[in-house]
Amino acid sequence: MSNSPVREIVPDVPVGLEKGLENYWYPIAQSEELGREEPLGVTVLDRELALWRDGNGDVRAVHGRCPHRNAELAIGRVLDGRLQCLFHGLRFDGNGRCALIPWEPEDSRLRDEISVPAYPAEDRGGYIWVYVGDAAAFPPPPLEDELPEELLDEENFVWFRFPTETWEANWLLTLDGQDAYHPVTLHAGSQSVAAAEGREVVPLAERRVKIVDTSYGIRAVATDREGKPIGQGHFTEVKGDRFILPCLSTNPLRPRTNLAPYVVRVWQMAIDAERTLVSRFASFRANGRAERERLEGFFHEVVKPRASQVSAEDALIAAAQGSLVDARANEFLFNVDQETVRLRRQIKDAFLAQREGRRTAVSREALVFPL
Ligand code: FES
Ligand SMILES: [Fe+2]
């Protein structure tokens, strides 16, 4: 918390925000990536973390550097449910307390003088969640208060995770890339109008774009030169919000009119000021085993290859805008960019509120399944 004047790197980016928005739960790894034997190192929001599983299999997370001589803790050993530094063997429990100094008596008071900051962590829905920030200043809400509806309801939904990706771009630029009118151009070959059924595909050079207003904000439709839509439709009955703090975007999709609609949820988290960790899953409404199996097949055959290509295009364009400062300093915005501007303000406002000691909660309504 600080009362000093806010300096901005570029408009709407106060100093510090380029490295992420702290004090939220982040899905920083997938459950299988963290076994019982070895710790795992992850950097998010410019913080190095060391993760491991304690004796109960519960996830533990601490700052990634040993307070003795700064050795990387993620290359240490998991012993007795605790994390032991590889160098001189200091051992830390899940609360970051020093549990052992190997050359001191077991009950040495010296242990109280050294500790490592710990972070709240949980394993849920196939992800390892860490509350990245200052839990003393901004007590974390229960994780389930800030999870998408479907991750809490295995009865009615099924979801499939994509491999986590690292993009070479600042996280705020990757979020700019969530604007809802680029798909018809950037993803012209992969997502939007690849297969306009029953019609000849209109060549790219002939295509134009029509902006439409929906309950879910603006969308774009590819048209021919005369303005006749050529792509698949967009959804009009959509609930929830496309963007949810700190960095979750929700995209309802339908590859072709006769195929099941689904939702792609994606978190774009800062690793540091230059790289972004991208975590995504696709989810469906589903009832019963047979339907789940059918959807699993559909995911692997249709959704995954398609979404992976779309993601590669998004990653390419995020990196292709240059640094955050260059991209933002050299932009010219149109009217259709107003949603992007709103999103930027929402993130900035949440960041500034924290400087005054207020944490912006995520509303449950924002996290409903949109279809
Ligand atoms: S650096 Fe970790 S125990 Fe010495
Ligand atoms: Fe995209």
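How many salt bridges does a search of the whole structure find? The count is 22. Keep in mind as you click around that this is a predicted model. Here are a few of those pairs to visit.

**Stop one: Asp 12 and Lys 348.** Select these two residues and zoom in. They form a salt bridge, with 3.1 Å between the closest N and O atoms. Asp 12 sits in the loop between β1 (8-10) and β2 (13-14), while Lys 348 belongs to helix α6 (residues 338-355), so this pair ties together parts that are 336 residues apart in sequence. Are the two partners buried or exposed? Asp 12 is buried because its relative accessible area, 12%, is under the 20% cut-off. Lys 348 counts as buried too, at 15%.

Together with Asp 12 and Lys 348, they are linked in a network of salt bridges.

**Stop two: Arg 344 and Glu 331.** Stay with helix α6 and pick Arg 344. Its side chain meets that of Glu 331 in a salt bridge, 2.8 Å from N to O. Arg 344 is in helix α6, and Glu 331 is in the loop between α5 (324-329) and α6, 13 residues apart. Colour by accessibility if you like: Arg 344 counts as buried at 8%, whereas Glu 331 is partly exposed at 33%.

**Stop three: Glu 22 and Arg 47.** Next, select this pair, whose side chains meet in a salt bridge of 2.8 Å, N to O. Glu 22 lies in the loop between β2 and β3 (24-30), and Arg 47 is in strand β5 (residues 47-53), so you're looking at a link between distant parts of the chain, 25 residues apart. Glu 22 counts as partly exposed, with 27% relative accessibility.

Key
Residues are numbered from 1 along each chain as its sequence is written. Chains are lettered from A and ligands numbered from 1 in the order in which they are written. This is a predicted model: local features need pLDDT of at least 70, side-chain atom pairs count only at pLDDT 80 or more; totals for chains, interfaces and linings use all residues. Side-chain values use heavy atoms; hydrogens and water are left out. A salt bridge is a side-chain nitrogen of Lys or Arg within 4 Å of a carboxyl oxygen of Asp or Glu. Helices (H or I, at least four residues) and strands (E, at least two) are DSSP runs, numbered from the N terminus. Buried means under 20% relative accessible area, exposed over 50%, partly exposed in between (1.4 Å probe, protein chains only).
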